[in-house]
Amino acid sequence: VQLQASGGGLVQAGDSLRLSCAASGRTFSISGMGWFRQAPGKEREFVTAINWSGVRYYADSVKGRFTISRDNTKNTVYLQMNSLKPEDTAVYYCAAGKRITGQEDEYEYWGEGTQVTVSS
C-alpha cells in the first residue's frame, strides 16, 4: 500500500486547512487510515483515525477542531483542521493498517509527511 499525503502549508492561528491522503496498491488489505504528527523536538503522536465502517478516533488535543472523513470510492481520507493553533505546527503523516487504533506500531504503511505551520 502506498500513501500520498497533500495539503500542508503555512497558515495563521485560527485558520483552517485540509489535508488529504490517497491510498493505492493493495488497499483491500487495510481496514482504515489515520494521521499522526511530529513537532520539532517531540515524538510522533496520534491525531485521528477512521476505519472503513466510519468509526472515528481523536486525540483529546484536537477534538472539536479536527474532523477526519473518508471517501471509500477514492481510498482517500481527509483531515479538516479548523481553529488551528501554533502548537498544531508539525509534520503530519498519514498511515494505514489492519487495526485502527491510536498506537503507532499498529500501522503497517506510512506516507511521507506534509508540513503544517501555524503562525501566531
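1. Let's start with a cut-off: a residue counts as buried when its relative accessible area is under 20%. By that rule, Cys-21 and Cys-94 are both buried. Please keep in mind that this is a predicted model.

2. Those two cysteines deserve a look together. The structure holds 1 disulfide, and this bond joins Cys-21 to Cys-94, with an S to S distance of 2.1 Å. The torsion about the S-S bond is about 55°, so the disulfide is right-handed. Cys-21 sits in strand β3 and Cys-94 in strand β9, so the pair links distant parts of the chain, 73 residues apart. As a reminder, a disulfide is a covalent bond between the sulfur atoms of two cysteines.

3. Next, the nonpolar core. The largest one has 34 residues, and the members that touch the most others are Leu-3, Met-33, Trp-35, Phe-66, Met-81 and Tyr-92. Elements giving two or more residues to this core are β1 (2-6), β3 (17-24), β4, β5, β7 (66-71), β8 (76-81), β9 and β11 (114-119). Strand β9 gives the most, with 5 residues. In soluble globular proteins, nonpolar side chains tend to be buried together.

4. Now for the charged side chains. A search of the whole structure finds 7 salt bridges. One of them pairs Glu-45 with Arg-37, at 2.7 Å from N to O. Glu-45, at 36% relative accessibility, counts as partly exposed.

5. A second salt bridge joins Arg-44 and Glu-104, whose closest N and O atoms are 2.7 Å apart. This pair links distant parts of the chain, 60 residues apart: Arg-44 is in the loop between β4 (32-38) and β5 (45-51), while Glu-104 is in the loop between β9 (90-97) and β10 (109-110). Both ends count as partly exposed, with relative accessibility of 26% for Arg-44 and 32% for Glu-104.

6. Lys-98 and Glu-108 form another salt bridge, with the closest N and O atoms 3.3 Å apart. Each of these residues lies in the loop between β9 and β10, so the pair ties together parts that are 10 residues apart in sequence. Glu-108 counts as partly exposed, at 39% relative accessibility.

7. One last item to view on screen: salt bridges that share partners join Arg-37, Glu-45, Arg-65 and Asp-88 into one network. Within that group, Arg-37 and Glu-45 are the pair described in point 4.

Key. Residues numbered from 1 in each chain as written. Predicted model: local features only at pLDDT ≥ 70, side-chain atom pairs only at ≥ 80, totals over all residues. Heavy atoms only, no water. Salt bridge = Lys/Arg side-chain N within 4 Å of Asp/Glu carboxyl O. Buried < 20%, exposed > 50% of the residue type's maximum accessible area, 1.4 Å probe, protein only. Helix = DSSP H or I, 4+ residues; strand = E, 2+ residues; numbered from the N terminus. Core = buried A, V, L, I, M, F, W, Y, C linked by side-chain atoms within 4.5 Å. Disulfide = S-S within 2.5 Å.
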